[in-house]
Amino acid sequence: MILLLFGPPGCGKGTQARLITDLLHIPAISTGDLLRAEITSGTPLGLKAQAIMTAGGLVSDDLVNAMLVNRLKRHDCREGFLLDGYPRTLEQALFLDRVLAQRGGGEPMIIHMDVPASVILPRITSRRQCPKCNRIYNVLHQPPKSAGVCDVDGVELATRKDDRQDVVRDRLRAYEQLTGPAIAHYTGKRMYHRIDGTQRPDRVFAAIQQVLRPAFVG
Ligand code: AMP
């Protein structure tokens, strides 16, 4: 079972990815989280990615594709996986087609969380992330139990540098211009499902479960 989760930055993909993986027991792979880990470790890839990410641009297809292939080699991906934030360009989508064809196991299921840009800005600027486990909170709609610290780790929550308003605008532009064609690659396929992502997180998850049930559950 291979799932691709699409949606603009700040639409709640990370939250839904976590809920889906708890349900299906497959790993959620966020290329954004992988890149942030590379930056934290100071690797050559992290050094290349840092400035691009801080400016709200996209890291080059070659680098991200290679990073993804490496991650998919790990044992936990054997039974399937969920991709959050990949593919982000048509080139990445075509590359993923080839990778999946080589692996066998059928077509991926695509869940597209649709949220207009006007809803994204206020949401994303109130977003906080645990630097240790990457769990996402929202100080307005989904606050941690104890203000400012992660429920799981007790670590102080952080605002991502690229969640600043001006950078978010650039990220939304990149989503429209570069990720739009990747989504168009899947639209109309049997396994493509569009979900209204403006609803409360539990409603979004209920809608996703409805889509998943016939394919994976029971
Ligand atoms: P995210 O955490 O998914 O919002 O990603 C944060 C940033 O990481 C993006 O704004 C990009 O700079 C970079 N990034 C994440 N995934 C990709 C990808 N598939 N292709 C290119 N850049 C990516």
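I began with histidine 25, which is exposed, with a relative accessible area of 68%. This is a predicted model, and I kept that in mind for every entry below. Histidine 25 sits in the loop between H1 and strand S2 (28-30), and its phi is positive, at about 55 degrees, although it is not a glycine. I noted this because most residues other than glycine have a negative phi, and most peptide bonds are trans.

**Other backbone entries**

I then turned to asparagine 134, in the loop between strand S5 (127-129) and S6, where phi is again positive, near 70 degrees, in a residue other than glycine. With a relative accessibility of 26%, asparagine 134 counts as partly exposed, since partly exposed covers the range between under 20% for buried and over 50% for exposed. I also looked at the peptide bond between tyrosine 86 and proline 87, which is cis, with omega about 0 degrees; proline 87 belongs to the loop between S3 and H5.

**The ligand**

Which residues come nearest to the ligand? I found 16 residues around the ligand, and of these Thr31, Arg36, Gly57, Arg88 and Gln92 come nearest. Helix H2 (residues 31-41) gives the most to this shell, with four residues, and I sorted the shell residues into six nonpolar, five polar and five charged.

For the individual distances, I noted that a backbone N or O atom of glycine 57 lies 2.5 Å from an oxygen atom of the ligand, while a backbone N or O atom of glycine 85 lies 2.9 Å from a nitrogen atom of the ligand. From arginine 88, a polar side-chain atom lies 2.9 Å from an oxygen atom of the ligand. The ligand taken alone exposes 480 Å², of which the protein buries 96%.

**Nonpolar cores**

Next I looked up the largest nonpolar core, which has 27 residues, and listed Leu4, Phe81, Leu83, Leu96 and Tyr186 as the members that touch the most others. Among the elements that give two or more residues to this core are strand S1 (2-6), strand S3 (81-84) and helix H7 (165-186). Leaving out residues up to four places away in sequence, I recorded that phenylalanine 81 touches Met1, Ile2, Leu3, Ile26, Pro27, Ile29, Leu72, Leu100 and Arg103. A second, separate core has 24 residues, including Leu3, Ala17, Val115 and Phe205.

**Buried residues of other kinds**

Is aspartate 163 buried or exposed? Aspartate 163 counts as buried because its relative accessibility is 3%, and the cut-off for buried is under 20%. This residue is in the loop between strand S6 (136-138) and H7, and I found its side chain joined by polar contacts to the side chains of arginine 127, at 3.1 Å, and arginine 171, at 2.9 Å.

Cysteine 150, also in the loop between S6 and H7, counts as buried at 3% relative accessibility. Apart from neighbours within four places in sequence, I listed its contacts as Cys130, Cys133, Tyr137, Val155 and Leu157.

My last entry is glutamine 16, in helix H1 (residues 13-24), which counts as buried at 2% relative accessibility. With neighbours within four places in sequence left aside, glutamine 16 is in contact with Leu5, Met113, Pro201, Val204, Phe205 and Ile208.

Technical notes:
Residues are numbered from 1 along each chain as its sequence is written. This is a predicted model: local features need pLDDT of at least 70, side-chain atom pairs count only at pLDDT 80 or more; totals for chains, interfaces and linings use all residues. Side-chain values use heavy atoms; hydrogens and water are left out. A residue is near a molecule or strand if one of its heavy atoms lies within 4 Å of it. A polar contact is a pair of N or O atoms within 3.5 Å; within protein, one must be able to donate a hydrogen and the other to accept it, and residues adjacent in sequence count only if both atoms are side-chain atoms. Accessible areas come from the Shrake-Rupley method with a 1.4 Å probe; for residues, only the protein chains shown count as cover. Ala, Val, Leu, Ile, Met, Phe, Trp, Tyr, Cys and Pro count as nonpolar, Asp, Glu, Lys and Arg as charged, and the others, Gly among them, as polar. A nonpolar core is a set of buried Ala, Val, Leu, Ile, Met, Phe, Trp, Tyr and Cys residues joined through side-chain atoms within 4.5 Å. Buried means under 20% relative accessible area, exposed over 50%, partly exposed in between (1.4 Å probe, protein chains only). Contact means heavy atoms within 4.5 Å.
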